[in-house]
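Please look over the sequence and the 3D structure below. A short report on helices, core and loops follows.

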Amino acid sequence: MNVWEGLAVFAAGAGAGTINVIVGSGTLITFPVLLAFGLPPVTANVSNTLGLVPGSVSGAIGYRRELADQRARLIRLGSASLLGGLLGAYLLTKLPSSAFAAIVPVLILLALVLVVLQPRVARAVAARGGAPANPDGSPALIAGVFLTGIYGGYFGAAQGVLLLALMGMLLRDEMQRMNAAKNVLALLVNGVAAVFFVFTATIDWTAVLLIATGSALGGLLGAKVGRQLRPTALRAVIVVIGLVAVVKLLLS
């Protein structure tokens, strides 16, 4: 990787870290960049997962005010995220790389649809009121978070959007508090998958370092501006880059 490619990966990591905290789907920025610079799809995915962990950490820290009084919820839902993320990471290392190459374009297209639909979810959440029957998560929400964790451990693009959609439908709380919880759950999925990959997968450590540095800075930025920023333009960028990634995977 030359200097210019390294700068591009760093910038992609910063953008992904920012977007993950605000909307989710930062993988749709970094993953295509790694593919463009010649990394095999599975290695790119694994390296990307490790690199985005610091961004999730900084984003969760930035939202610590909104995490107040959510300990019981995070324990309840976080356990499901950990188990799902570990299973998803296991599947990535055990299924053949040809399966990943075939599945990922479908997952990216699904993620793009979710990115487009996310504003409607946010509006629906904002319109709801009243106290939830179970403020820490119903069995249906726990099951949904577990399945999302499997998806996140396997690939991860737009897992944050999935989590927000699930919580929006099955919890009644402020959007920013649910977004803060989403950041922690995504961190748990990425973190447990990253630990698993360190011992089981091929990793490009240069890419990991560049994405990690960029995503950590981006996560802090996203936490600062996420409460005010209109993410419409970011969604448009995500959709364009995601479509480019799908085309590249299908043609490779």
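Asn183 sits in helix α8, which spans residues 175-200. Helices here are DSSP runs (H or I, at least four residues), numbered from the N terminus. At 5% relative accessibility, Asn183 counts as buried. Buried means under 20% relative accessible area, exposed means over 50%, and partly exposed lies in between (1.4 Å probe, protein chains only). Setting aside neighbours within four places in sequence, Asn183 is in contact with Asn20, Val21, Gly59 and Tyr63. Contact means heavy atoms within 4.5 Å.

## About the model

This is a predicted model, in which local features need pLDDT of at least 70 and side-chain atom pairs count only at pLDDT 80 or more, while totals for chains, interfaces and linings use all residues. Residues are numbered from 1 along each chain as its sequence is written, and side-chain values use heavy atoms, with hydrogens and water left out.

## The nonpolar core

The largest nonpolar core has 65 residues. Such a core is a set of buried Ala, Val, Leu, Ile, Met, Phe, Trp, Tyr and Cys residues joined through side-chain atoms within 4.5 Å. Phe31, Ile108, Phe155, Met167 and Phe197 have the most contacts inside it. Helix α8 gives the most to this core, with ten residues.

What does Met167 touch, leaving aside its neighbours within four places in sequence? Met167 is in contact with Leu141, Met178, Ala181 and Lys182.

## α6 against α8

Helix α6 covers residues 139-154 and packs on α8 at an angle of about 45°, with the axes 9 Å apart. Axes are lines fitted to C-alpha atoms, for helices over the stretch in contact, and angles run from 0 to 180 degrees between N-to-C directions. That angle makes α6 oblique to α8. Angles under 35 degrees count as roughly parallel, over 145 as roughly antiparallel, 65 to 115 as roughly perpendicular, and the rest as oblique.

The crossing of α6 and α8 is right-handed: the near helix is turned clockwise from the far one by less than a right angle. Val145, Gly149, Gly152 and Gly153 of α6 meet Leu185, Val189, Ala193 and Phe197 of α8. By class, this contact has five nonpolar, three polar and no charged residues. Ala, Val, Leu, Ile, Met, Phe, Trp, Tyr, Cys and Pro count as nonpolar, Asp, Glu, Lys and Arg as charged, and the others, Gly among them, as polar.

## α2 against α3

Helix α2 (residues 27-36) packs on helix α3 (residues 41-62) at about 135°, with their axes 9 Å apart. The two helices are therefore oblique to each other. Their crossing is right-handed. From α2, the contact uses Thr27, Thr30, Phe31, Leu34 and Leu35; from α3, it uses Pro41, Ala44, Asn45, Asn48 and Leu52. Six of these residues are nonpolar, four are polar and none is charged.

Helix α2 is mostly covered, with eight of its ten residues buried. Among them are Leu28, Ile29 and Pro32. Just after α2, Gly38 takes a positive phi of about 95°.

Asn2 lies in the segment before α1 (3-22). At 43% relative accessibility, Asn2 counts as partly exposed. Asn2 and Phe37 are 35 residues apart in sequence and 9.9 Å apart in space, C-alpha to C-alpha.

Asp69 belongs to the loop between α3 and α4 (71-94). Is Asp69 buried or exposed? At 79% relative accessibility, Asp69 counts as exposed. Its phi is near 65°, a positive value in a residue other than glycine. Most residues other than glycine have a negative phi.
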